[in-house]
Amino acid sequence: MYETIRYQVEDGVARITLNRPEVMNAINQQMGEELYDALKQVDADLNVRALVLTGEGRGFCSGQDLSEGAAIQSGAALGDTVRERYNLLITRLHGLRVPSLAAISGTAAGAGFSLALACDLRFAAVNAKFTLAFNKIGLVPDSGASYFLPRLVGIGRALELAWTGEVISAETAYSLGIVNHVYEPEKLLEESMAFARHLAEGPTVAYRLTKQALFANASATLPEALEREAELQNEAGHTDDFREGVQAFLEKRRPQYRGQ
C-alpha cells in the first residue's frame, strides 16, 4: 500500500516505520502524503489503541529531503511547503485520539526532530543524535519545534539548541527531559512496543483528556485550569472506561478497558 513507510497493527498497537533508509528517512512529498494517510488510519481504526513511530536503518529521520526540487533549494514558497505538508502532519500526529511514542535510533534532525517532539513520548537508543539544524542553513525551526521544545527544556535552552544547531546525544536529551528512556539499540523497539502495548490496555480516553489538560493548562491561570479539569473530569466520568474501572476496583480484578 505504501512505498516510503511501512504500516502494521499488532496487539492494539500501530507501528509506522519511515522507510527511506538510503537517505536516512528524509521526508519528501510522497513520504509526507503517505505518513499523513497512515495517521488517518490510526485515528479511524478503533482497534488501534497506541502508536509507535520509528525509522528504518541508521537514522530516525534526517528531516526535509533537500534534494527535492528547485523550489525547496531556492527557498521559494517555503512557507507553503510548511503549511501544506508539515503543519498538516504535526497537527494530525499531535491530535491523535491514542497515545503516540517515537522510537528513535540514529539521527533525528530538523523536521525529523520535530516529528519526534510531536509524539507524546520519546524512547531513544544510546546511538541517537538530535539536532534542530534549521539555523545552520539560515532557516527557522518549524514543524512544531518552537512549540514543543520550550515546553520540555525551557526557552533559554531551546534558543541555544536552535541557534547553535548543537548535536546532542541520547543521554543529554534524557537529562534535558526531551526523551523519556534510553535503551541499547537492539532493545529499543522491543521496549517501545511493550510500553505501547501497556498503554493500549489502559483507559485511552482518559489519556487523551489528560494530555489535553496538560497542554492547555500550561498557559492557563489557576481558575482556568481548575475549571478545565472539572469539565474534562465530567467528560471522563461519562465513559465506559470509568464505569469499568470502578467496577473492577469493587470486584478486586484487573479492569478491561476498551477506550470508550
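Reader: Strand β3 covers residues 50–55; how many of its residues are buried?

Author: Six of the six residues of strand β3 are buried, so the strand is largely enclosed by the rest of the structure. Buried means under 20% relative accessible area, exposed means over 50%, and partly exposed lies in between, with a 1.4 Å probe and protein chains only. Strands (E, at least two residues) and helices (H or I, at least four) are DSSP runs numbered from the N terminus. This is a predicted model, in which local features need pLDDT of at least 70 and side-chain atom pairs count only at pLDDT 80 or more, while totals for chains, interfaces and linings use all residues. Residues are numbered from 1 along each chain as its sequence is written, and side-chain values use heavy atoms, with hydrogens and water left out.

Reader: Which residues lie on the two faces of β3?

Author: In a regular strand the side chains alternate between the two faces of the sheet. Here Ala50, Val52 and Thr54 lie on one side of β3 and Leu51, Leu53 and Gly55 on the other, and all of them are buried, which leaves both faces covered.

Reader: Which strands pair with β3?

Author: Two strands pair if DSSP finds at least two bridges between them. Strand β2 (residues 13–18) runs parallel to β3 over six bridges, and Ile16 has Leu53 as its bridge partner in β3. Strand β5 (residues 100–104) is also parallel to β3, joined to it by four bridges, and here the partner of Leu53 is Ala102.

Reader: What kind of unit do β2, helix α1 and β3 make?

Author: A crossover is right-handed if, with the strands pointing away from the viewer, the path from the first strand over the helix to the second runs clockwise. By that rule β2, helix α1 (residues 29–44) and β3 make a right-handed β-α-β unit.

Reader: How many residues does the largest nonpolar core have?

Author: In soluble globular proteins, nonpolar side chains tend to be buried together. A nonpolar core is a set of buried Ala, Val, Leu, Ile, Met, Phe, Trp, Tyr and Cys residues joined through side-chain atoms within 4.5 Å. The largest one in this model has 49 residues, and those with the most contacts inside it are Ile16, Leu53, Leu93, Phe130, Leu149 and Ile178. Helix α4 (residues 111–118) gives the most to this core, with six residues. A second, separate core of 12 residues includes Ala103, Ala125, Tyr183 and Ala200.

Reader: Which residues is Leu93 in contact with, leaving aside its neighbours within four places in sequence?

Author: Contact means heavy atoms within 4.5 Å. With those neighbours left aside, Leu93 is in contact with Leu39, Leu51, Leu53, Ser100, Leu115, Ala118 and Cys119.

Reader: How many aromatic pairs does the structure hold, and why is the pair of Phe123 and Phe195 called edge-to-face?

Author: Rings of Phe, Tyr and Trp (its six-membered ring) pair if their centres lie within 6.5 Å; planes under 30 degrees apart count as stacked, over 60 as edge-to-face and the rest as tilted. The structure holds six such pairs. The ring centres of Phe123 and Phe195 are 5.2 Å apart and the planes stand at 70°, so this pair is edge-to-face. Phe123 belongs to strand β7 and Phe195 to helix α8 (residues 185–200), so the pair ties together parts that are 72 residues apart in sequence. Phe123 counts as buried at 0% relative accessibility, whereas Phe195, at 29%, counts as partly exposed. Together with Tyr183, Phe123 and Phe195 form one aromatic cluster.

Reader: How far apart are the ring centres of Phe148 and Phe215?

Author: Their centres are 6.2 Å apart with the planes at 85°, so the pair of Phe148 and Phe215 is edge-to-face. Phe148 lies in helix α5 (residues 145–153) and Phe215 in helix α9 (residues 204–217), so parts 67 residues apart in sequence are tied together by the pair.

Reader: Which residues other than glycine have a positive phi?

Author: Most residues other than glycine have a negative phi, and most peptide bonds are trans. Ser143 has a positive phi, near 60°, and lies in the loop between β8 and α5, where it counts as buried at 3% relative accessibility. Lys252 has a positive phi of about 55° and lies in the segment after α11 (240–250), but at 76% relative accessibility Lys252 counts as exposed.
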